[in-house]
Each structure stands twice: as C-alpha cells, then as structure tokens.
Amino acid sequence: MDMFVCVTLAVVLLCILFRHLYMVWQIKSINRQIEFINTHQTNMVVSGEYSNGCMNDLINNINHLSKQCSMFKAECLTNEDNIKKTVTNISHDIRTPLTSLSGYFQLLCQCDTLAEQKEYFPIIKQQISALEEMLEELFTYAKLFHKSYEISLTKCCINQILRDTVFGFYNDLKKANITPDCSIPEVPIYAVVNDVALRRVFQNILKNVIEHGEKEVGISMLQKDEKIEITFYNDILSTTKIDADKIFERFYKSDEARTSSSTGLGLSIAKELLNRMDGEIFAIVDNNIFKIIVKLQVLN
C-alpha cells in the first residue's frame with residue numbers, strides 16, 4: 001500500500017514538474033516570438049503548441065493587443081502624413097493672397113499722387129477680405145472637427161434661409177455675370193436645423209457655384225415625401241475634371257495647380273455641418289452639369 005502511494009505521488013509530482021517545465025517552455029517561446037515581432041516590426045501573430053485553455057487565452061489577448069498596436073501605429077502614421085499635407089496646403093493657400101497683398105502694397109508706396117493710390121485701395125481691400133475669409137474657414141474647420149464642438153437645433157423655415165442666402169450673394173452673382181434660375185416654393189417648409197450653420201452650408205455651396213459656374217446656374221427646392229431636397233447646379237467646362245466622390249474631402253480642388261484663392265475646405269465644412277444636423281449632401285456630374293444636392297428631414 002505504501003509503495004502504491006509513493007508511486008502515485010511520484011507520478012503526480014512528475015506530472016506537475018512536466019506541466020511546469022512545459023509552461024516555462026511555452027512562455028519562453030512566446031517571449032521569443034514577441035521579441036522577433038518587436039525587432040522586425042512584422043504583422044506575425046504569436047502561436048503556441050498544444051496550449052491549454054489559459055495559455056490560449058493569453059496568446060489570443062497578446063495577438064489582439066498586437067493588432068491594436070499595429071492599427072494605432074498605422075493611424076498615427078496616416079495622421080502625421082495628413083498633418084504634413086495640411087500644413088503644406090494651408091501654407092500655399094495663405095501665401096498666395098499674402099504675396100499679392102505685399103506686391104500691391106509696394107506699388108501703393110511707390111505712387112506719387114493720391115489718384116494713383118486710390119486705384120490700389122480697392123484691390124488691397126479685396127485681398128485682405130480674401131485672406132480674412134480663408135483664415136475664418138480654417139478656424140471654422142478646426143473648431144468643427146473638435147469633439148467638444150456642438151450646435152443647437154431649432155425649428156427653422158428652410159425656404160426663408162435659402163432665399164436670404166441667395167439674396168445676400170446678389171452682388172457676387174451679378175459681378176460674375178450669373179443670373180441663377182431659382183425655384184423656391186412659397187409655402188413654408190420647416191426642418192430642425194441650426195439657422196447659422198445651414199446658412200453657412202448654402203453660402204459655401206454658392207461660393208463654389210460662383211467660382212466654377214459656367215452659363216447655366218440654378219437653385220431648386222422641393223419636398224419629396226419626408227425629405228426637403230435642395231439642388232444647386234451649374235455648367236462646367238468640358239476640360240474641368242471633377243471627382244464627385246472626392247468633392248467633400250478637405251483641401252480638394254478641381255484645379256490641381258491650386259490657382260484659386262479658396263482653401264478647398266468649404267464643401268468639407270458644409271458636409272460636416274449637415275452631418276451635425278442629420279442632413280445629407282452629395283454631388284453628381286452629368287453631361288457637364290455639376291450638381292450638389294442637400295437633403296433635410298421635413299418637420300411635420
């Protein structure tokens with residue numbers, strides 16, 4: 001009997017010792033794999049042989065953390081690249097009006113008569129306004145994409161907001177020789193939006209229309225079931241390349257040379273503002289007609 005007990009204990013101790021050595025071997029194997037992954041920056045996953053439940057859970061958790069770290073690193077690299085591109089684009093966009101402003105200011109200083117100076121005053125004022133508008137757009141973009149930024153929503157008459165905005169651009173439209181074909185219903189249509197934000201959306205779209213519009217320009221508003229649909233459309237040159245899928249991306253410009261004075265943020269800001277108001281915005285290009293369509297939920 002004593003011999004049987006001793007043999008049993010010896011077997012148990014051997015099993016425990018074997019299990020301990022096996023666990024130590026597994027841990028060392030995992031450590032070697034982790035060191036290899038860290039050294040070579042690979043996407044290799046940690047593996048184990050004949051692992052039990054606890055060891056499998058440990059390996060799975062390590063692989064999960066490793067995957068999250070890889071994703072976070074990739075996201076950081078992408079953000080770093082985006083920041084570099086953003087700084088480059090902002091620098092280029094701001095430099096253009098500043099260079100022009102500096103040139104006209106030097107010409108102003110070289111003028112001998114007041115009459116000559118007066119010729120440059122409106123141009124300098126226009127350049128200052130363009131620069132102020134660009135800086136305001138950049139500030140709005142930065143503020144809008146901050147997590148703490150919120151906008152309040154109230155019941156608003158969409159017809160009136162649209163009419164006011166179009167009327168506010170009367171001089172700009174006239175200067176650009178554009179007479180828009182407007183179709184806005186007289187019957188008030190309401191939605192829950194932010195008045196200032198929606199005006200900003202319409203303003204940014206109209207600025208885009210004025211800058212790129214050719215010949216036919218129109219604005220229409222109608223109610224389809226439970227949705228308000230507002231369409232801004234304009235002719236575009238056959239040589240103009242517009243990617244409707246990218247039009248709302250930040251700093252997107254149809255002219256790759258970035259010769260215009262805008263920041264390329266206007267439509268991106270419009271899209272984000274509409275997202276905050278549970279609205280939609282999208283663009284289509286059909287037979288040299290460019291359309292931007294805004295959709296809002298009707299308030300019954």
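Guide: A residue counts as buried under 20% relative accessible area and as exposed over 50%, with partly exposed in between. C182 has a relative accessible area of 37%, so C182 is partly exposed. Please note that this is a predicted model.

Visitor: What share of the residues in the protein chain is buried?
Guide: Of the 300 residues in the protein chain, 34% are buried.

Visitor: And how many helices and strands are there?
Guide: The protein chain has 7 helices and 7 strands. Along the sequence, their order is α-α-α-β-α-α-β-β-α-β-β-α-β-β.

Visitor: Back to cysteines. How many disulfides does the structure hold?
Guide: The structure holds 0 disulfides. For C157, the nearest cysteine sulfur belongs to C156 and is 8.8 Å away.

Visitor: Now for charges. How many salt bridges does a search of the whole structure find?
Guide: The search finds 7 salt bridges. Among them is the one between D164 and R199, whose closest N and O atoms are 3.4 Å apart. D164 lies in helix α4 (residues 158–168) and R199 in helix α6, so this pair ties together parts that are 35 residues apart in sequence.

Visitor: Which residues are linked with R199 in a network of salt bridges?
Guide: The network links D164, D195 and R199. In the salt bridge between D195 and R199, the closest N and O atoms are 2.5 Å apart. D195 and R199 are separated by about one helical turn, because they are 4 residues apart in helix α6.

Visitor: Which strands does the salt bridge of E229 and K295 tie together?
Guide: The side chains of E229 and K295 meet at 3.7 Å, N to O. E229 lies in strand β5 and K295 in strand β7, so the pair ties together parts 66 residues apart in sequence. E229 counts as buried at 13% relative accessibility, whereas K295 is partly exposed at 22%.

Visitor: Change of topic: how many aromatic pairs are found?
Guide: The search of the whole structure finds 1 aromatic pair. The ring centres of F202 and F232 are 5.9 Å apart and the planes are at 45°, so the pair is tilted. The pair links distant parts of the chain, with F202 in helix α6 (residues 195–212) and F232 in strand β5, 30 residues apart. Both F202 and F232 are buried.

Visitor: Which lysine lies over the face of Y190?
Guide: That is K155, at 4.6 Å from the ring centre. Over the face of F248 lies K271, at 5.7 Å from the ring centre. Y190 also belongs to a nonpolar surface patch with L153, V192 and L299, about 290 Å² of accessible area together. L299 lies in the segment after β7 (289–297) and is partly exposed, with a relative accessible area of 32%.

Visitor: And the backbone? Where is D225, given its positive phi?
Guide: D225 has a phi of about 55° and sits in the loop between β4 (214–224) and β5 (227–235). D278, at about 60°, also has a positive phi without being a glycine; D278 is in the loop between α7 (266–276) and β6 (280–286). Most residues other than glycine have a negative phi. D225 is exposed at 69% relative accessible area, and D278 is exposed at 62%.

Note on methods. Residues numbered from 1 in each chain as written. Predicted model: local features only at pLDDT ≥ 70, side-chain atom pairs only at ≥ 80, totals over all residues. Heavy atoms only, no water. Disulfide = S-S within 2.5 Å. Buried < 20%, exposed > 50% of the residue type's maximum accessible area, 1.4 Å probe, protein only. Helix = DSSP H or I, 4+ residues; strand = E, 2+ residues; numbered from the N terminus. Phe/Tyr/Trp six-rings, centres within 6.5 Å; stacked < 30°, edge-to-face > 60°. Lys NZ or Arg CZ within 6 Å of the ring centre and 35° of its normal. Patch = residues over 30% accessible without salt bridge, like charges linked within 9 Å, V, L, I, M, F, W, Y side chains within 5 Å. Areas by Shrake-Rupley, 256 points an atom, 1.4 Å probe, with all protein chains shown as cover. Salt bridge = Lys/Arg side-chain N within 4 Å of Asp/Glu carboxyl O.
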